[in-house]
Amino acid sequence: MTLQRRLIVAVLLAAPFAWLITIAGTYWRAAHEINELYDTDMVRLAQQTLVISTLIPPSAQTQPTLAPLPSSDSAGDAGLGDLSVAIWRGSHAPLVLDPEAMQFPRNEGREGFAESIVNGESWRLFYLDGPSGQTRVAVGQRVGERDDLVIAYVAGQILPWLLGLPVLIGLLIYAVRQAMSPVHRLSSELERRSPDDATPLPLSGVPGELTPLVTSMNGLLSRVGTLIEQERRLTADAAHELRTPLAALRAQWDVMQRTQDPDARHQAQTSVTRGMERLDRLVSQLLTMARLDNAKNTDFGGSVDWRTVAEQAISDCLWIANRRDVDIAVEWPAPGVLPLPMAGDADALVIMLKNILDNAIRYGPRHGRVRLAFTPSHIAVDDQGPGVAPEVLRRLGDRFLRAAGNEEAGSGLGVSIARRIANAHGMRIAFDMRDTESDFGPGLRVTIRRGA
């Protein structure tokens, strides 16, 4: 069931229910006010009758003759049979002014209001005794008179409500539909959008209750647009980067198939092996980059054991270090001093450190050295290579960036992945060239430290 239909059903149920409660409240209030009015009149009439009864001589008839009305119209709408008065003196029969009073029970010793059945109808009686106790007055009113008046009053209220209730419900339904129109417009606008349209939804004219929802949807659209752009960029870059090694592999494979020269075949086999290594490395780096692009959890729990991380990263780089005859030196701070204390994901930090060491080994000189130094404030990786040009130094970390003239195969993703991991851990990676006065000689230094 839609939200609009739920609201309309709620209106259809709530409006009649509120109407019934209002009628019940009106009935109760009207009955209370009418009873209060008639009870007051009965008390006053009893008091006045008791005073007047002292003027009636003891020899008076028990049923005096009522004075005739001047005309039949002079009584107006009076219901003369609905109100009666009885007067008792001693044990004599009551002095009554109408037949109904003859049926009133005397109820000796009781004063105040009482309910009684007179001639098969319910009457409300009020008893009052004189000071001497010889005179007793009873004023009675038919209860049905009060009920008729209450019902007539409530009926006068019900009719306008019955006529106005459909109008009220119609207005409420119209108001619900108008109130839901911004939701329908928002839904229609989202349905018309293309899947890759991340344009924020306009906030102008949006009701205050929908503003948080639209704001959240704009944030979601922005994140979805970012993810789509990342996927497009990754797909385009991967397609571009894979095209070159695949073309080279195809060419070398053709050479292997056609040549009869053992040296040429061996050279082609070596090229194919290196091409396969590059493809394997490129695919691994692409998968890692895709995982980092989609990573959302940066709430790291345990502290980092940098000795274990360094050991794993160096172990992963030993094959390329042995092939290029490069020594890896590790320097730690003084005993008792923690190297760069922080919390983080050890597996991701291994990838970060491995990629930086791998670059230092690949692009440094053969038979050279690479130094990995840990301090309480940062991590530094130094190589003894020729370094990079200033324009390339500023762009280190961009995807698929590789300096020209490198003999080693690479994908240009290693530093980019390392930078993404560092950013996720609240760290930054800086690249600087060492001068000739450095204790490790000239070359490139990569520094990892906390801070944006």
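How exposed is Trp332, in terms of relative accessible area? I looked this up and found Trp332 partly exposed, with a relative accessible area of 27%, where under 20% counts as buried, over 50% as exposed and anything in between as partly exposed, with a 1.4 Å probe and protein chains only.

**Entry: ground rules.** I am working on a predicted model, in which local features need pLDDT of at least 70 and side-chain atom pairs count only at pLDDT 80 or more, while totals for chains, interfaces and linings use all residues. I number residues from 1 along each chain as its sequence is written, and side-chain values use heavy atoms, with hydrogens and water left out.

**Entry: aromatic pairs.** I searched the whole structure and noted 4 aromatic pairs, a pair being rings of Phe, Tyr and Trp (its six-membered ring) with centres within 6.5 Å, called stacked with planes under 30 degrees apart, edge-to-face over 60 and tilted for the rest. One of them is the tilted pair of Trp306 and Phe374, at 5.9 Å centre to centre and 45° between the planes. I placed Trp306 in helix H5 (residues 306-324) and Phe374 in strand S7 (residues 369-374), 68 residues apart; helices (H or I, at least four residues) and strands (E, at least two) are DSSP runs, numbered from the N terminus. Both Trp306 and Phe374 are buried.

I then noted that Trp332 and Phe374 are stacked, with 4.3 Å centre to centre and 5° between the planes. Here Trp332 sits in the loop between strand S6 (327-331) and helix H6 (346-363), 42 residues from Phe374. Phe374 counts as buried because its relative accessibility is 3%.

**Entry: salt bridges.** The whole-structure search gave 13 salt bridges, each a side-chain nitrogen of Lys or Arg within 4 Å of a carboxyl oxygen of Asp or Glu. Among them, Asp39 pairs with Arg124, with the closest N and O atoms 3.0 Å apart; this joins helix H1 (residues 3-53) to strand S4 (residues 121-129) across 85 residues. Arg146 also bridges to Asp39, at 2.7 Å between the closest N and O atoms, and I located Arg146 in helix H2 (residues 143-192), 107 residues from Asp39. Arg146 counts as buried because its relative accessibility is 4%, and Asp39 is buried at 16%.
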